[in-house]
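Thanks for coming, everyone. Please take a look at the model on the screen, and then I'll walk you through it.

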Amino acid sequence: MHFRGLLLLAGMYTIAWSAFYKWFGTQLIQWLAMGSADLSDLPASYFGTFGIVVGLVIFVSAFYPVSWVWLILAGITGKIISAIWFTLGFAPDLGWNKRSIFHLIFNELIWLIPLILIFLRSLQVKNYLNETERADEKN
């Protein structure tokens, strides 16, 4: 599948942004809040750890996207959970500004489009291979 590179990129991008939350959470939160308040009690480390796991799942799914199609679905689910977590857990304290909206759109939501398309294409290929295998068994 020619979508492997996009899965690798999505996984690495997710891991990189999540690492910022994991190891530089307080500074990143301050930057996202545009320095408006002390938000050191937000669970940035947990959010980062969850994001790293989601990124690893997406990254690993690139090696066998047809066989491990359900890992792609797990990555999609993880991105949705991350978006909801950010919207409900971080955004009320950060405030809606250009930085927090940027994070939500470009780091969580925009990746859902290619991931869903890759998941659907992987299912198509998997079904085609299963049908071809059944047809070969009949002959």
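**Aromatic rings first**

Six residues, Y21, F47, F50, W85, F86 and F90, make up one aromatic cluster. Keep in mind that this is a predicted model. Across the structure there are 15 aromatic pairs.

Let me take two of them. Start with Y21 and F47. Their ring centres are 4.8 Å apart and their planes sit at 70 degrees, so this pair is edge-to-face. Y21 belongs to helix 1, residues 4-32, and F47 to helix 2, residues 44-61, so the pair ties together parts that are 26 residues apart in sequence. Are these two residues buried or exposed? Both Y21 and F47 are buried.

Now the second pair, Y21 with F90. Here the ring centres are 6.1 Å apart, with the planes at 70 degrees, so this pair is edge-to-face. Y21 is in helix 1 and F90 is in helix 3, residues 69-94, so the pair ties together parts that are 69 residues apart in sequence. What about cover? Y21 has 1% relative accessibility, so Y21 counts as buried. F90 is at 0%, so F90 counts as buried.

**A charged pair**

On to charges. In general, side chains of opposite charge can pair when their charged atoms come close. How many salt bridges does the model have? The count comes to one. The partners are K79 and E108, and their closest N and O atoms are 3.6 Å apart. K79 lies in helix 3 and E108 in helix 4, so this pair ties together parts that are 29 residues apart in sequence.

Look at the accessibility of both partners. K79 has a relative accessible area of 2%, and the cut-off for buried is under 20%, so K79 is buried. E108 is at 6%, so E108 counts as buried too.

S100 has a relative accessible area of 0%, so S100 is buried. What does S100 touch, beyond residues up to four places away in sequence? The contacts are L32, F86, L94 and G95.

Two elements give two or more residues to the patch: helix 4 and helix 5, residues 112-138. Which one gives the largest share? Helix 4 does, with five residues.

L109 sits in helix 4. Its relative accessible area is 36%, so L109 is partly exposed.

**Helix 5**

Helix 5 has 27 residues. From first C-alpha to last, helix 5 reaches 39 Å, close to the 39 Å expected at 1.5 Å a residue. Which of its residues are buried? L112, P114, L115, I118, F119, S122 and V125 are. The cover over these residues includes helix 1, helix 2, helix 3 and helix 4.

Further along helix 5 is L129. L129 has a relative accessible area of 44%, so L129 is partly exposed. L129 and V66 are 63 residues apart in sequence, yet their C-alpha atoms are 9.5 Å apart in space.

**S61, to finish**

One last stop: S61, in helix 2. S61 has a relative accessible area of 0%, so S61 is buried. Which residues are in contact with S61, leaving aside neighbours within four places in sequence? L7, W68, L71 and I72 are. S61 and G75 are 14 residues apart along the chain, with 8.6 Å between their C-alpha atoms.

To recap. Y21 pairs with F47 edge-to-face, and Y21 pairs with F90 edge-to-face. K79 and E108 form a salt bridge. The nonpolar patch takes its largest share from helix 4. Helix 5 has its buried residues covered by elements that include helix 1, helix 2, helix 3 and helix 4. That's my tour. Thank you.

Methods
Residues are numbered from 1 along each chain as its sequence is written. This is a predicted model: local features need pLDDT of at least 70, side-chain atom pairs count only at pLDDT 80 or more; totals for chains, interfaces and linings use all residues. Side-chain values use heavy atoms; hydrogens and water are left out. Buried means under 20% relative accessible area, exposed over 50%, partly exposed in between (1.4 Å probe, protein chains only). Contact means heavy atoms within 4.5 Å. Helices (H or I, at least four residues) and strands (E, at least two) are DSSP runs, numbered from the N terminus. Rings of Phe, Tyr and Trp (its six-membered ring) pair if their centres lie within 6.5 Å; planes under 30 degrees apart count as stacked, over 60 as edge-to-face and the rest as tilted. The expected span of a helix is 1.5 Å times one less than its number of residues. A salt bridge is a side-chain nitrogen of Lys or Arg within 4 Å of a carboxyl oxygen of Asp or Glu.
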